[in-house]
Amino acid sequence: MHLAYPAVLAALLFCVGVYGVLARRNAILVLMSVELMLNAVNLNLVAFDVWLRDTLHAGQALTLFTIAIAAAEIGIGLAIVLMVYRNRGTSDVDRLRDTKETAPQVQQPAGEPSADEKAEATA
């Protein structure tokens, strides 16, 4: 088997994953695109392991580690996306950038003037 076939397929998968990360607005689709990129890396690891005829099968061992990392990433990522969706009502990545928390408004006692009123009185 030629090494070019799986390498080209892995490059195409990786390019589709990069496009998905950069162009998509939905957080679930971004996570799926990251998974595509990790699968492209796995394909390259196994293809080069077979091509080099490695007796230790290091490429396949690294592929198992990558699969375990991908499973943990998708589990934590989906949990975060679900919590954000519950709190914000959307999983749109553009709207998640505007999630800066504002300082809570402090209630002034009824008799005391606010800081703005004090500044106006001294001016």
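Trainee: Where is R53 found?
Mentor: R53 sits in the loop between α2 and α3, with helices (H or I, at least four residues) and strands (E, at least two) taken as DSSP runs and numbered from the N terminus. Bear in mind that this is a predicted model: local features need pLDDT of at least 70, side-chain atom pairs count only at pLDDT 80 or more, and totals for chains, interfaces and linings use all residues. Residues are numbered from 1 along each chain as its sequence is written, and side-chain values use heavy atoms, with hydrogens and water left out.

Trainee: Why does R53 count as exposed?
Mentor: Buried means under 20% relative accessible area, exposed means over 50%, and partly exposed is in between (1.4 Å probe, protein chains only). R53 comes out at 71%, so it's exposed. Its phi is near 55°, a positive value in a residue other than glycine.

Trainee: Why are F48 and W51 called an edge-to-face pair?
Mentor: By the ring rule, the count comes to one aromatic pair. F48 and W51 form an aromatic pair at 6.1 Å centre to centre, with 85° between the planes. Rings of Phe, Tyr and Trp (its six-membered ring) pair if their centres lie within 6.5 Å; planes under 30 degrees apart count as stacked, over 60 as edge-to-face and the rest as tilted. Both values pass, so the label is edge-to-face.

Trainee: By how much of a helix are F48 and W51 separated?
Mentor: About one helical turn, because they're three residues apart in helix α2. F48 is partly exposed at 36% relative accessibility, and W51 is partly exposed at 48%.

Trainee: How do you know that S91 is buried?
Mentor: S91 is at 15% relative accessibility, under the cut-off for buried, so that settles it. S91 is in the loop between α3 (58-88) and α4 (93-96). Not counting residues up to four places away in sequence, S91 touches R25, N26, A27, V81, Y85 and L96, where contact means heavy atoms within 4.5 Å.

Trainee: Where is confidence lowest, and where is it highest?
Mentor: Going by pLDDT (the predictor's confidence in each residue, from 0 to 100), it's lowest in helix α5 (residues 115-122), at a mean of 63, and highest in α1, at 96.
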